[in-house]
Amino acid sequence: MTTTMQDQSSVRSPSGGWAARILVREMWATLAIVAMWVAVLFVGVYGGEATFHGVDSSFSSVPSGVFVALFAAIGTGSVAKRVFGRKSE
């Protein structure tokens, strides 16, 4: 029975190492989407209100988190479609 010893430095992992795992597009897209919704959370908790005054001296107020959430939803959709969309092969 014979055994062979291989040097560990010459053996490469099939995934390509840590650099290949960091440069994955899906990871950065997920991080961007999470950052958008964390921003919505902070604006919802600490943000003010958008007030609108009419010409007849009426006013209405809407939490500013609503507007940030609208743009975060648009951004989430565009990032998800770009990165996680169906790839034609």
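This is a predicted model: local features need pLDDT of at least 70, side-chain atom pairs count only at pLDDT 80 or more; totals for chains, interfaces and linings use all residues.

Student: In which sense do β1 and β2 pair, and over how many bridges?

Tutor: Antiparallel, over 5 bridges. Strand β1 covers residues 49-53, and strand β2 covers residues 59-63.

Student: Which residue in β2 is the bridge partner of H53?

Tutor: That's F59. F52, for its part, stands opposite S60 in β2.

Student: And the side chains along a strand, how do they go?

Tutor: In a regular strand they alternate between the two faces of the sheet.

Student: OK, zooming out. What's the order of elements from the N terminus on?

Tutor: The protein runs α-α-β-β-α. That comes to 3 helices and 2 strands.

Student: Let's do helices, then. How is a packed pair described in general?

Tutor: By the angle between the two axes and the distance between the axes.

Student: So for α2 and α3, what are the distance and the crossing angle?

Tutor: The axes of helix α2 (residues 25-46) and helix α3 (residues 64-84) come within 9 Å, and they cross at roughly 175 degrees. Angles over 145 count as roughly antiparallel, so α2 and α3 are roughly antiparallel to each other.

Student: What classes of residue are in the contact of α2 with α3?

Tutor: The contact has 14 nonpolar residues, along with 5 polar and 3 charged ones.

Student: Is S64 buried or exposed?

Tutor: Buried. Its relative accessibility is 19%, and the cut-off for buried is under 20%, so S64 counts as buried.

Student: What does S64 touch, leaving aside neighbours within four places in sequence?

Tutor: S64 is in contact with V43, G47, G48, E49 and A50. Of those, E49 and A50 fall within the β1 range, residues 49-53.

Student: How much of the whole protein is buried?

Tutor: 12% of its 89 residues count as buried. The accessible surface comes to about 7,700 Å², with 65% of that belonging to carbon and sulfur atoms.

Student: Last one: among contacts between residues at least 6 apart in sequence, what share joins residues at least 24 apart?

Tutor: 51% of them.

Definitions and conventions
Residues are numbered from 1 along each chain as its sequence is written. Side-chain values use heavy atoms; hydrogens and water are left out. Helices (H or I, at least four residues) and strands (E, at least two) are DSSP runs, numbered from the N terminus. Buried means under 20% relative accessible area, exposed over 50%, partly exposed in between (1.4 Å probe, protein chains only). Contact means heavy atoms within 4.5 Å. Accessible areas come from the Shrake-Rupley method with a 1.4 Å probe; for residues, only the protein chains shown count as cover. Axes are lines fitted to C-alpha atoms, for helices over the stretch in contact, and angles run from 0 to 180 degrees between N-to-C directions. Angles under 35 degrees count as roughly parallel, over 145 as roughly antiparallel, 65 to 115 as roughly perpendicular and the rest as oblique. Ala, Val, Leu, Ile, Met, Phe, Trp, Tyr, Cys and Pro count as nonpolar, Asp, Glu, Lys and Arg as charged, and the others, Gly among them, as polar. Two strands pair if DSSP finds at least two bridges between them.
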